[in-house]
Amino acid sequence: MNKREWPLWEVFIRGAHGLAHRHVGSLHAPDAEMAMKNARDVYTRRNEGLSIWVVPAQAITASTPSDKGLMFEPANSKVYRHPTFFKIPDEIGSM
Amino acid sequence: MSDTHALQSYVLRLADNALILGQQVSAWCGHAPALEEDIAFANTALDLIGQATLWLTYASELDAQGRSADDLAFLRDERQFSNILLVEQPNGDFGKSLMRQFIFDAAHFPYLQGLSHSNDARISEIATKSVKEVAYHLERSSDLIIRLGGGTKDSHNYMQRALNDLWRFSSEIFMPDALELSMTEQGIAPDLANIETKFTRHIHMVFERAGLTLPESSYMHNGGKIGIHSENMGPLLAEMQYLQRSFPGVQW
């Protein structure tokens, strides 16, 4: 019997209106339709979601860990790039 | 038979179908062929046991002897269970369990749709809550039947064998006896002929897309509704009721 694995999918769920989809995990499925069903069963049994995205893991281009220095470190000493010096009125809520 | 007793007998049929199938499907937990499928099937079992709990709770409220929902699940004997024969058929291989699930879902979904219009408020309420879960069960099992029926030669053979084996249990749910006719007449139970039409339309569509053919013999078994069960029912109940039978009243 052919024991070949199904392709890997990454699952993103949006928990509430106004929030972005968040990565929640991954799963295996033979195609997008099954991946969606599996995502529903594996990740949304406890009323977590309003919307699900499934993305073939293959389609994601990731940065490599060895590039960390070049990619991120130059920003470390530049606190002024963070908008932390503004007061945000309470009524705005989460940004 | 008093009205309350008749109503309870009818509610117990609904309860026992969900309970026995839930018990059987739960045995796949940790054993299904893929992790995702394992979780999905266990979710189905949980949904069914949840529905059984709702029906049994209602049946216990109607019980003249004041038995609880747990008493009804764990302390009735084989002849007092009124589930259809389909749900007590052995799990067999995964293909057979899926086929059993699909045939049941295809009947269960229109049945619950019908029950959601019951003029018994409690029945209508439970059916309305359950029908959403069962809509998903049916979508999932239909999809898997189409995929596996039209998959490899191996998967096709497994599904065709399962269909050949289980088809003779597919009509019992639609064969009304005096109790069900009276329930339908009172507007408590749905019209079974109407549900069978919906069932037939759906399964024909799915089997055609799956490349599966119905067995030639159209002989249909029945008896489960009045407590006449097949040989698998005894061992099934022995396992399900073991704890309450060995340690009466135990709680955890």
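In the predicted model, B:Gln101 is in contact with B:Leu21, B:Val25, B:Phe41, B:Thr44, B:Leu48 and B:Ser141, neighbours within four places in sequence being left aside. B:Gln101 is found in helix H5 of chain B, which comprises residues 94-115. With a relative accessible area of 2%, B:Gln101 falls under the 20% limit and is therefore buried.

Helix H5(B) also meets helix H9 of chain B, residues 192-210; the two axes come within 9 Å and cross at roughly 140 degrees. Because of this angle, H5(B) is oblique to H9(B). The crossing is right-handed. On the side of H5(B), the contact is made by B:Met99, B:Phe102, B:Ile103, B:Ala106, B:Ala107, B:Pro110, B:Tyr111 and B:Gln113. H9(B) contributes B:Leu192, B:Ile195, B:Lys198, B:Phe199, B:His202, B:Ile203, B:Val206 and B:Phe207. Sorted by class, the residues of this contact are 13 nonpolar, two polar and one charged.

Chain A contains an open sheet of three strands in the order S2-S1-S3, with antiparallel pairing. Strands of a sheet pair through backbone hydrogen bonds, in either a parallel or an antiparallel manner. The edge strands of the chain A sheet are S2 (22-28) and S3 (51-56), each of which pairs on one side only. On average, neighbouring strands of the sheet are turned by 30 degrees against each other, direction ignored. Strand S1 of chain A, residues 8-14, pairs with S3(A) in the antiparallel sense over six bridges, and A:Val11 stands opposite A:Val54 in S3(A). Helix H1 of chain A, residues 32-43, packs on this sheet and touches S1, S2 and S3 of chain A. The direction of H1 makes about 115 degrees with that of S2(A).

Definitions and conventions. Residues numbered from 1 in each chain as written. Chains lettered and ligands numbered in written order. Predicted model: local features only at pLDDT ≥ 70, side-chain atom pairs only at ≥ 80, totals over all residues. Heavy atoms only, no water. Helix = DSSP H or I, 4+ residues; strand = E, 2+ residues; numbered from the N terminus. Buried < 20%, exposed > 50% of the residue type's maximum accessible area, 1.4 Å probe, protein only. Contact = heavy atoms within 4.5 Å. Axes fitted to C-alpha atoms, helices over the stretch in contact; angles between N-to-C directions. Parallel < 35°, antiparallel > 145°, perpendicular 65-115°, else oblique. Left-handed = near helix turned anticlockwise from the far one by under 90°. Nonpolar A, V, L, I, M, F, W, Y, C, P; charged D, E, K, R; others polar. Pairing = 2+ DSSP bridges.
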